[in-house]
Amino acid sequence: MDGMDPRVGRLLEAILAVAEDLDLDAVLERVVVAACGLVDARYGALGVVDREDPGRLSTFVHHGIDAETVRRMGALPSGRGLLGELLRDPRPLRVADLGGHPASVGLPPGHPPMHSFIGAPIRVRGAVFGNLYLTDKRTGTAFSAEDEAGVVALAAVAGSAIANVEMARQGQELSVSRERDRIARDLHDTVIQNLYATGLGLQAAVRDGVDPDDARARVERAIESIDATVKEIRARIFDLQDTPSAQRGVRARLLAVAEELADLLGFPARIRLDGPLDTALGAEHVDQLVPVLRETLTNVAKHARATGVVVRVELVDGWIELEVVDDGDGLPAAPRQHGMGLRNVRERAALLGGDVELGSAPGGGTRVLWRVPL
Ligand SMILES: Nc1ncnc2c1ncn2[C@@H]1O[C@H](COP(=O)(O)OP(=O)(O)O)[C@@H](O)[C@H]1O
Ligand SMILES: [Mg+2]
C-alpha cells in the first residue's frame, strides 16, 4: 500500500473488518469501532430503527463510554434530540458543536461531554436500517468534509454487510422450514397412516356380529401395530435431537438445555447470553459448556430447593464465563466430597485451562462461576 493516502488505507481496513462473515450483533459492533477509528472519534454508536415504530431506535450499539458510566446514565437513547433528527431526515449530518444545534435536547446527567458530531443513515436494500453516529474528534477540532465522506462510505459498506447477514439468516430459516415440512411428510407417511389403519382394524373388531376370537385377534394386532408406531416415533425424535443439534449454534443449544430441565426444576431458568457467542466460541468450548450447564442446573433441581435460577453466559476480558446463581438453601457445610457432577464440571474447565468458583450467592443460594479462556 506504498504511496497510498493513509485515509484510503484506513477506510479499506474498516471495510475489511466489517465485510467478514459474522452475525448481526458482531457486524454492528465492528461498524461502530471501525467508524471511530476511521475519523478518530472518541465515541461512536449505531442506532437501529424500530420496525414497529420508525420514529424510535430499538437497539443502540455504542463504543467509547465505559460500562460504569453507561450504567450510571441508565436508559440508552431512544431517538430524541439530534439522534431523532436523523430519523426524521435520513441524510448525513455534520455539526461542529452538538449543543448548538436547534434539534439538540441536551445530554442526560452523567453523560460525558460531547461536541463535534457526524451522523449518517445506513440503508439496507434501500430502506433506512439505522444510523451511525460519531462524536468528539480526538484532535479537539470539528470533523472535516472528508471525515463525513468516509463515514458515508462506511455506512454504505455496513448496509451491504447487514444485508448479507440477513440473507444468510433467511436462508437458514428457509432450510429449517423445509426440514420441518419433510418431517411432517415423513410422519404422515408412516405414523399417521399406520394409526389410521389400526383405527380401521379396531372399528372392524367392535362391529356387531363379530366373532369374539376374531375380535381378540384384531385387538392384539392393533396393540402390536401401536407398539411399533411408538418405537418409530421414538426413533424419529432421537434422529431429530441428534443430527441438527450438533450444527446448531451455542445459543440455541444452551437454551435447549434450559428448556429440557424446566420440568425438573419446576420453574424456567432465566438465561442471559451476551456477546457474539455463536461466532466467538469454538466447538471445543461449546462441547464443555453444554454439559456443564446441564449438570449445574440439574444440581439446582436436585439439591437447592430453589424458586429461581439465573444463568449468565458472557465473554469477559478474553474469558468465557458461565455463571449459575440459584436462590436455594446454599451448599451444605460439608457437601458430598465425591460428587461426580462437580468433579466433571471442574475437569471440563481444567481441560481448557480454566477454573471453577463454587460459593454462596448474595441471597443465600449457590453461585457457580465456571470460566475458561477464549
Ligand atoms: N445448587 C446447589 N445447591 C445446593 N447444594 C448443591 C448445589 N450444587 C451442588 N450441591 C451440593 O454438592 C454436592 C455435590 O454435587 P455433585 O458433585 O453434582 O454430586 P451429586 O449431584 O451427584 O450429588 C451435592 O450432593 C450437593 O450437596
Ligand atoms: Mg450433580
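Five strands, in the order 6-7-8-10-9, make up an open sheet with mixed pairing; two strands pair if DSSP finds at least two bridges between them. The edges are taken by strand 6 (270-274) and strand 9 (355-360), each with a single partner strand, so one side of each has no neighbour in the sheet. On average, neighbouring strands of this sheet are turned by 10 degrees against each other, direction ignored. This is a predicted model, in which local features need pLDDT of at least 70 and side-chain atom pairs count only at pLDDT 80 or more, while totals for chains, interfaces and linings use all residues. Residues are numbered from 1 along each chain as its sequence is written, and chains are lettered from A and ligands numbered from 1 in the order in which they are written.

**Terms for elements and angles**

- Helices (H or I, at least four residues) and strands (E, at least two) are DSSP runs, numbered from the N terminus.
- Axes are lines fitted to C-alpha atoms, for helices over the stretch in contact, and angles run from 0 to 180 degrees between N-to-C directions.

**Domains**

- The domain assignment of the protein chain, which comes from an automatic or database source, gives domain 1 (6-169), domain 2 (176-247) and domain 3 (250-373).
- Between the C-alpha centres of domain 1 and domain 3 the distance is 36 Å.

- Strand 7 (residues 309-316) and strand 8 (residues 319-326) run antiparallel and are joined by eight bridges.
- Strand 7 and strand 8 form a hairpin with two residues between them, and Asp317 in the turn has a positive phi of about 45 degrees.
- Strand 8 is also joined to strand 10 by seven bridges, and the two run antiparallel; Glu321 has Arg371 in strand 10 as its bridge partner.

**Helices against this sheet**

- Helix 10 (residues 340-350) lies across strand 9 and strand 10 (366-373), at about 140 degrees to strand 9; residues are in contact if their C-beta atoms, placed from the backbone, lie within 7 Å.
- Helix 7 (residues 250-265) and helix 9 (residues 283-304) pack at an angle of about 20 degrees, their axes being 10 Å apart.
- Helix 7 and helix 9 are therefore roughly parallel to each other (angles under 35 degrees count as roughly parallel, over 145 as roughly antiparallel, 65 to 115 as roughly perpendicular and the rest as oblique).
- Residues of helix 7 that take part in this contact include Val250, Arg253 and Leu254, and those of helix 9 include Val286, Leu289 and Arg294.
- The contact residues divide into 14 nonpolar, one polar and two charged (Ala, Val, Leu, Ile, Met, Phe, Trp, Tyr, Cys and Pro count as nonpolar, Asp, Glu, Lys and Arg as charged, and the others, Gly among them, as polar).

**The sheet 2-1-5-4-3**

- Another open sheet has five strands in the order 2-1-5-4-3, with antiparallel pairing.
- Its edge strands are strand 2 (57-63) and strand 3 (93-95), each of which pairs on one side only.
- The twist from one strand to the next averages 15 degrees.
- Strand 1 (residues 41-49) and strand 5 (residues 127-137) run antiparallel and are joined by seven bridges; Tyr43 has Thr135 in strand 5 as its bridge partner.
- Helix 2 (residues 24-39) packs on the sheet and touches strand 1, strand 2, strand 4 (117-124) and strand 5, its direction making about 145 degrees with that of strand 1.
- Helix 4 (residues 81-88) lies across strand 1, strand 2, strand 3, strand 4 and strand 5, and runs at about 35 degrees to strand 4.

How values were computed:
Two residues are in contact if their C-beta atoms, placed from the backbone, lie within 7 Å.
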